[in-house]
Amino acid sequence: MRQFLKNFALISVGLIAGVAATIQLSATAQQGSQLPLDELRTLSNVFAQIKREYVEPIEDKQLLTDAVKGMVSSLDPHSTFLDKKDFAEMQEQTSGKFPGLGIEITSEDGVVKVLNPIEDSPAARAGLQAGDLITRLDDKPVRGMSLDKAVRTMRGTPGTKITLTVYRKSEERSFPATITRAEIKVQSVKAKILDNDIAWVRITSFQERTIPDLAKKLIDLANQDPKMKGIILDLRNNGGGLLQGAVGVAAAFLPADAVIVSTNGQAPDSKQVFNATPAMYRLSEPGDPLAGVPEMYKKLPMVVLVNAYSASASEIVAGALQDYKRATIIGKTTFGKGSAQTVRPLTNDSALKITTAYYYTPSGKSIQAYGIMPDIPVDQNKDGDPADVLITREIDSEKHLRNKQSAEDKLIKEREQRRLEELQRIEEKNAKKTPEEKEKEKNKKPPELGSADDFMLAQAVAFINGQPVKRSSSKLE
């Protein structure tokens, strides 16, 4: 079966699904250990051989940096060496301010596909639409270019321009779009009152401002609708962010001092328990950023929406609220990134982002590889989500950390069998469709989250209202 990985990136945001880093500004403690001399001799010999015989000369710094990157990246999918450029970009990611175009993208058939232009961004003002395909970047073809390379090409200094060649399927035409880059300020928390006095709060990523911004939104919603009867926390497509942000978001809905998540690893500082206290989730501002949030939010009926792109910090929040039975989890099984990364600065402009611990929910369950299973599985689309069978989660990664709590090999085998059964079911269903139906499905745009066409959100509203919910028929769930 063809393996398919839906890569998701924010040109202006720079978040990769499944990333969550705790920034440690202290210097790396020196660990005493005996170095393997034979292996070091091999490294030295290879280095010398490359310098003497490689077809083109390579600078020592580049060769050694690449060797370090290779060593770290071989550990697991989330450990990496951050050079000057990578380190600067990571620091930008946590601040919520980024230079770029303001579009959410994915990869489709070798080109870049626009998922959504961010509201009031340069891309939105240039007329880009969801579903547009970007085929060239300043006359450089996108096909064959990695998604990361495309992201780096589209990002740049505010005020500079880039010309995109865009193909719009609905109009069957290509056209150029010259866009001026700008600093994009991403709003990580969005909120509104839905019909029937139900609040919808969406968190797109966990950044430095997420907790105070959430507090403000919750206070505003309570003032706007004192008769509120339920709240929906939307964590779909949220790839994670700062661990403290996840702790603070969960703390807004749980009793004081409740355990949110624990971590465990080899180093002494990786063995920690995070609970719902300001010291555990406060970041840059003094005091309690959740001060003033009404107590009603700790008792209101609550639903958390998740999908396969809800990862890391999102899974911490969903797992804590599920363990305490504070909320009903609706949607799809999450990504399964249950490991913590610590950023250890090495020099003024480089750092090591290394996996240091596993995450555990309050009940002691490991998130790693398995993810959070919804209490009620629900599809994103009314007619089902056939593409879900092609989504690659953490457990599908060849180098993923293994979940130590159960027989993972058995789980992988059973999951692959369910994927094959689901794929067969979808193929049999597609065989019965007319060419017109297939064309219509091919051109169908994904629903905007939080809109009237958001089927999963509609099911969450129905659940809070005590009405029937249409459960997913997918064998994967």
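Predicted model: local features only at pLDDT ≥ 70, side-chain atom pairs only at ≥ 80, totals over all residues.
1. A quick word on terms to begin with: helices (H or I, at least four residues) and strands (E, at least two) are DSSP runs, numbered from the N terminus. Ser146 is partly exposed, at a relative accessible area of 41%; here buried means under 20% relative accessible area, exposed over 50%, and partly exposed in between (1.4 Å probe, protein chains only).

2. Residues are numbered from 1 along each chain as its sequence is written, and side-chain values use heavy atoms, with hydrogens and water left out.

3. Now the overall picture. The chain has 12 helices and 21 strands, and 48% of its 477 residues count as buried. Among contacts (heavy atoms within 4.5 Å) with a separation of 6 or more, 71% are between residues 24 or more positions apart.

4. Six strands form an open sheet in the order β12-β13-β14-β17-β18-β21, with mixed pairing; two strands pair if DSSP finds at least two bridges between them. β12 (189–194) and β21 (376–377) are at the edges with a single partner strand each, so one side of each has no neighbour in the sheet. Strands β17 (residues 302–306) and β18 (residues 328–331) run parallel and are joined by four bridges, with Val303 opposite Thr328 in β18. Helix α12 (residues 455–464) lies across β12, β13 (198–203), β14 (230–234), β17, β18 and β21, at about 160° to β17. Axes are lines fitted to C-alpha atoms, for helices over the stretch in contact, and angles run from 0 to 180 degrees between N-to-C directions.

5. Which residue lies in the loop between β18 and β19 (339–347)? That is Lys332, and Lys332 is buried, with a relative accessible area of 3%. Beyond its neighbours within four places in sequence, the contacts of Lys332 include Asp379, Asp385, Asp388, Arg393 and Glu477. The C-alpha atoms of Lys332 and Gln380 are separated by 8.5 Å, although 48 residues apart along the chain.

6. Helix α7 (residues 243–251) deserves a look too: nine of its nine residues are buried, among them Leu243, Val247 and Ala251. The axes of α7 and helix α6 (residues 210–224) come within 9 Å and cross at roughly 25°. The two helices are therefore roughly parallel; angles under 35 degrees count as roughly parallel, over 145 as roughly antiparallel, 65 to 115 as roughly perpendicular and the rest as oblique. Thr210, Ile211 and Leu214 of α6 make the contact with Gln244, Gly245, Gly248 and Val249 of α7.

7. Helix α1 (residues 37–53) packs against helix α2 (residues 60–73) at about 140°, with the axes 12 Å apart, and that makes α1 oblique to α2. Phe47, Ile50 and Lys51 in α1 meet Asp60, Leu63 and Leu64 in α2.
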